[in-house]
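Dear colleague,

Please find it below, followed by an account of what was found in it.

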Amino acid sequence: MTIDRKTVAHIATLARIRLSPAEADSLTRELDGILHWIEQLGEVATDGVEPMAGVGNMTLPRRPDVVTDGGYPEKILANAPERAAGFFAVPKVIE
Amino acid sequence: MTTLTDLTVASALDGLGHGDFSARELTEAHLGAMEAARGLNAFITETPEKARAMADASDVRRRKGKAGALDGIPVAIKDLFCTNGVLTTAGSHILDGFVPPYESSVTANLWRAGAVMLGKANMDEFAMGSSNLTSYYGAVVNPWKRKGENVALVPGGSSGGSAAAVSARLAMAATGTDTGGSIRQPASFCGIVGLKPTYGRCSRWGIVAFASSLDQAGPFARTVEDVAILLGAMAGHDPKDSTSADVPLPDFRAALAGGVRGMRIGIPKEYRIDGMPAEIERLWQQGRDWLKAAGAEIVDISLPHTKYALPTYYIIAPAEASSNLARYDGVRFGLRVEGKSLSDMYELTRQAGFGAEVKRRVLIGTYVLSAGYYDAYYLKAQKLRTLIARDFTQAFDKVDAILTPTSPNAAFATDAKMDDPVQMYLNDVFTVTANLAGLPGLSVPAGLSVEGLPLGLQVIGRAFDEATVLRVGRALEQAAEFKARPASLL
């Protein structure tokens, strides 16, 4: 067993996804299967191989450090589930 | 006269140019076909009013002699592309009601060329799937049926609605995105042509992100020439996407004229996998024979790390997805489920908003990136990715393009038992390699299975050499003479 129910509960908390007990059970089984299948990568010797984060030229292009966008709060807030005084509103964080 | 919906993009452009019909007539024909084929569930949102307005504007431009490269051509847009003022869902409950106040660069390019939007095509949730079964908006039905059967089949995924719409003649062409095969596999399942361009060829700006180092937008159409025309309109450097490549844009359509005489075509022995159906093997052999007859030289090659591509992909793609999907938290857009606290709200929103496959991948991604597992999984996968990409670099010293099957199977039933997620992942075994290496890949319909379902062949090329890929695809298309039509049209 690569992964148990406790580990699944932990990573679900890290990912901010609530799981029902039934979801946690099936995900434990599925994730365990997937991770076992993935472990075949261990067969390949990769010492000294450079990791590849992406393809192509990895040097990011530069541009002048000036504001090129913005100034439309109404558009930004248009899809907000809840807003107050020109801000996104969320449940109270500090009591 | 052929019905308007049966025309290719190239012939429709000729017809519009000669004044045989108007953009409005062409659009109305497709809107009618969409209405008649709602049972396929190919669209999440239809935009008939917008389509008519765009078509009328196109007719005005054409009268003034100002028609663009795709003027008046009605297309479907995968619901992963943000469209200004039009609901964009990514096939997910969590984007409920999201209306972007901006336009993706690729769709903006299409509208600039004069294309007409018919609607937003159904897709697997967040482009995660190979069947379109993970869409919150329900499965898409493949317009094709097995001979003598009436069983509903999947169109493939994740761009299943786009592929079904083009196959069923509801749209002349469509956009898709391909992270591990999401254009090529549905193109194969639906008997049409689909191209995943080189990473960086099309801007990712305004496309809902799945795995940013792998995602690439591309076209679906019914001929290789049409795909070449579409790519020319979609592609191009975009300063808003830092991974968009600032490279020259060739005339892809003109490049088709060259033929394959003297080209070297690689056949990778590792793509002959265990349990591959004999008919796929036969089709592949047929493809080799066709290209040889057209004057190409067939070369046996080796891509030794092929078998590790799929497990490598299932570390890298979920890792990037877990990071990209962190933004769906019920604060700025989409679904919100109220909770007692902020983190309660996050957790309940994401529980209700994400489907099972998305949860699986976000959790795998979170796991492989978490403290203690990063080196063992994520770093290991990045090193494998280097080796997989190197296999291709070495192969392209010897050959100009590579020929493989697109998928190890034809379309399967929408209710096929798929309890093991890994079984589903195997659909992409021949396509993920091109994403990991960032290379262009094209699927061309090449024949029918014994059950009467379309099967595609895949051509993989060097980075930014779509011209060669399309040329090889054109040679396959000419030899295959694929004329079969989906059951929905019979």
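A charge is taken to sit over a ring if NZ of Lys or CZ of Arg is within 6 Å of the ring centre and within 35 degrees of the ring normal. In this predicted model, B:Lys240 lies over the face of B:Trp205, 3.9 Å from the ring centre. In chain A, A:Lys75 is placed over the face of A:Tyr72, at 5.0 Å from the centre of that ring.

Aromatic rings also pair with one another. Over all chains, the structure holds 19 aromatic pairs. One of them joins B:Tyr313 and B:Tyr314 in an edge-to-face arrangement, with 5.0 Å from centre to centre and 80 degrees between the planes. B:Tyr313 is buried, at a relative accessible area of 2%, and B:Tyr314 is likewise buried, at 1%.

A further aromatic pair, formed by B:Tyr374 and B:Tyr378, is tilted: the centres are 5.3 Å apart and the planes stand at 55 degrees. Both residues belong to helix 13 of chain B (residues 374–395), where they are 4 residues apart, about one turn of the helix. B:Tyr374 is partly exposed, with a relative accessible area of 35%, whereas B:Tyr378 counts as buried because its relative accessibility is 11%, and buried means under 20%.

Finally, I would draw your attention to a cluster in chain B, in which ring pairs link B:Phe98, B:Phe126, B:Tyr328, B:Phe333 and B:Phe354.

Yours sincerely

Methods:
Residues are numbered from 1 along each chain as its sequence is written. Chains are lettered from A and ligands numbered from 1 in the order in which they are written. This is a predicted model: local features need pLDDT of at least 70, side-chain atom pairs count only at pLDDT 80 or more; totals for chains, interfaces and linings use all residues. Side-chain values use heavy atoms; hydrogens and water are left out. Rings of Phe, Tyr and Trp (its six-membered ring) pair if their centres lie within 6.5 Å; planes under 30 degrees apart count as stacked, over 60 as edge-to-face and the rest as tilted. Buried means under 20% relative accessible area, exposed over 50%, partly exposed in between (1.4 Å probe, protein chains only). Helices (H or I, at least four residues) and strands (E, at least two) are DSSP runs, numbered from the N terminus.
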